Amino acid sequence: MAQSLGQRLEAEATCPLCLELFSAPVVTECGHSFCGRCLRAVLGTPPRPAACPQCRAVVAPGSPRPNVSLRAVAELAAALAEEARRPLCPEHGEALGLFCQSCRCPLCPLCREGPPHRRHRVQPAAEAARELRETLQSNLGFLRKEREEFKPRGEEKSVSLLDVGKTLSSCEAAKAPIPEPVSPELQRTIESLSETNQLVMGAMAKFKANLLSETDRERVKVTLDPETASPYLFLSKDCRTVWLGEWQQNLPDTPKRFTGSPSVLGSPGFTAGRHYWELEVGDGDSWAAGVAVESVQRKDSLSLAMGKIWAMRLDWDRRYTALHMVPAPLALKEEPRRIRVHLDYEAGQVTFYNAENMTQILQFKASFTETVFPYFWLWSQETSIQLCA
């Protein structure tokens, strides 16, 4: 059986994952479209590269773009589907959206302007249907009560029952149009889609649970390494908070210690795998956080160490900067207070997220060949960095 134009449009505007009309659709670099929320579920939390559900090409977090045209098509398909569900006037082919109270019949806008109904009182069909349903339910309750009280020998009761029959006939004549029953073929299609949707949702729930479990394994407990801390930096006893002091501490100048910049490394270091940690920076400025390789320059200024650091920085003028080689400005719509740093050693990716809403802030591409450590920098006594437990 050939599909109608509306059915074909609806099929093109359906997400292949949730089998619903697209909601805020996005398109991947490989050219496939999905609902925004469906693709976010595939990429996981935090987002990481995943296979496209249709062609298995790699989809990188941040690469999908809003598909504005497809969103308009989905909205049009929804409107057409809604219109198709409405009964049509057999004379004019318009939707029967009105109800004539005088003639007790449904009308389309063209019927309303015709001579038979022009002077009659009309109301929206949905409102009339609701009132008529309430009337029918009330009459049905009355009939049930009469049936319970009915006695064959009671002539008066019999006459009263005949009156109720007339009332019921009157109500029957006033019924709003009832849509035609769903065809067996459409019912089977709906049932099949429902079963498919349940299977997909079940698979998605299992995938999400596995992904959350995998994500938990990626979280690491990072502490600040006091052997690397600049003499100007002070660490808490649990080595989870760092702030800039007013004086220089008398600390041994070992090869590991930063003396050219107020920096400190975190522990442990990583030579493989996927790992993430979170930190809080409060409302202060002049801080930086990210990763650095073991060979980072520790006795020179921060500018000379740039090539070995991948970090984001908030400057004194409240502007954000991406730090690596040549610093680059970052345009952020909000100031994150809690930040997640995610390291994928083999993929050579360092990704920063606003941990409060998991919005991606920045992603670096690199090629690591040595141990990578968490990295922190401070240049304001009004600021502290705290590692989250």
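Q: Where is Met 358?
A: Met 358 lies in the loop between S19 and S20. Helices (H or I, at least four residues) and strands (E, at least two) are DSSP runs, numbered from the N terminus.

Q: What is its phi?
A: Met 358 is not a glycine, yet its phi is positive, about 55°.

Q: Buried or exposed?
A: Met 358 counts as buried, at 19% relative accessibility. Buried means under 20% relative accessible area, exposed over 50%, partly exposed in between (1.4 Å probe, protein chains only).

Q: Remind me what I'm looking at.
A: This is a predicted model: local features need pLDDT of at least 70, side-chain atom pairs count only at pLDDT 80 or more, and totals for chains, interfaces and linings use all residues. Residues are numbered from 1 along each chain as its sequence is written, and side-chain values use heavy atoms, with hydrogens and water left out.

Q: What about Cys 239, what is its phi?
A: Near 60°, a positive value in a residue other than glycine. Cys 239 sits in the loop between strand S10 (233-235) and S11. At 19% relative accessibility, Cys 239 counts as buried.

Q: And Thr 241, which strand is that in?
A: Thr 241 is in strand S11 (residues 241-244). Thr 241 is buried, with a relative accessible area of 16%.

Q: What does Thr 241 touch?
A: Not counting residues up to four places away in sequence, Thr 241 touches Leu 224, Phe 234, Leu 235, Ser 236, Ser 384, Ile 385 and Gln 386. Contact means heavy atoms within 4.5 Å.

Q: Switching to cis peptides. Which bond is cis, with omega about 0°?
A: The one that joins Thr 45 and Pro 46. Pro 46 lies in the loop between H2 and strand S3 (50-51). The bond from Ser 267 to Pro 268 is cis too, with omega near 10°. Pro 268 is in the loop between strand S12 (263-267) and strand S13 (274-280).

Q: Back to H2. Which of its residues are buried?
A: Gly 36, Cys 38, Leu 39, Val 42 and Leu 43. They cover an arc of only 160° around the axis, which puts them on the same side of H2. The arc is that of the directions from the helix axis to the C-beta atoms.

Q: What follows H2?
A: Gly 44, with a positive phi near 85°.

Q: Now aromatics. How many pairs?
A: The structure holds 8 aromatic pairs. In the Trp 287 and Tyr 320 pair, the ring centres are 6.4 Å apart and the planes are at 70°, so the pair is edge-to-face. Rings of Phe, Tyr and Trp (its six-membered ring) pair if their centres lie within 6.5 Å; planes under 30 degrees apart count as stacked, over 60 as edge-to-face and the rest as tilted.

Q: Which strands hold those two?
A: Trp 287 lies in strand S14 (residues 287-293) and Tyr 320 in strand S16 (residues 320-323), so the pair ties together parts that are 33 residues apart in sequence. Both Trp 287 and Tyr 320 are buried.

Q: Which residues form an aromatic cluster?
A: Phe 234, Trp 243 and Trp 247 form one.

Q: Next, the second largest pocket. What is its volume?
A: About 500 Å³. Of the 17 residues that line this pocket, the closest to its centre are Arg 40, Leu 43, Pro 47, Gly 62 and Pro 64.

Q: How are pockets and cavities told apart?
A: On a 1 Å grid over the protein atoms alone, a cavity is a set of points where a 1.4 Å probe fits but cannot get out, and a pocket is an open set with protein on both sides within 12 Å along at least five of seven lines; lining residues have an atom within 4 Å of a point. Grid points are joined across faces, edges and corners, and a volume is the space filled by probe spheres set on the points.

Q: What gives the largest share of that pocket's lining?
A: H2, with 4 residues.

Q: How many cavities of 30 Å³ or more?
A: The count comes to 1. About 50 Å³ of space lies in the largest cavity. Its lining includes Pro 47, Arg 274 and His 342. S19 gives the largest share of that lining, 3 residues.
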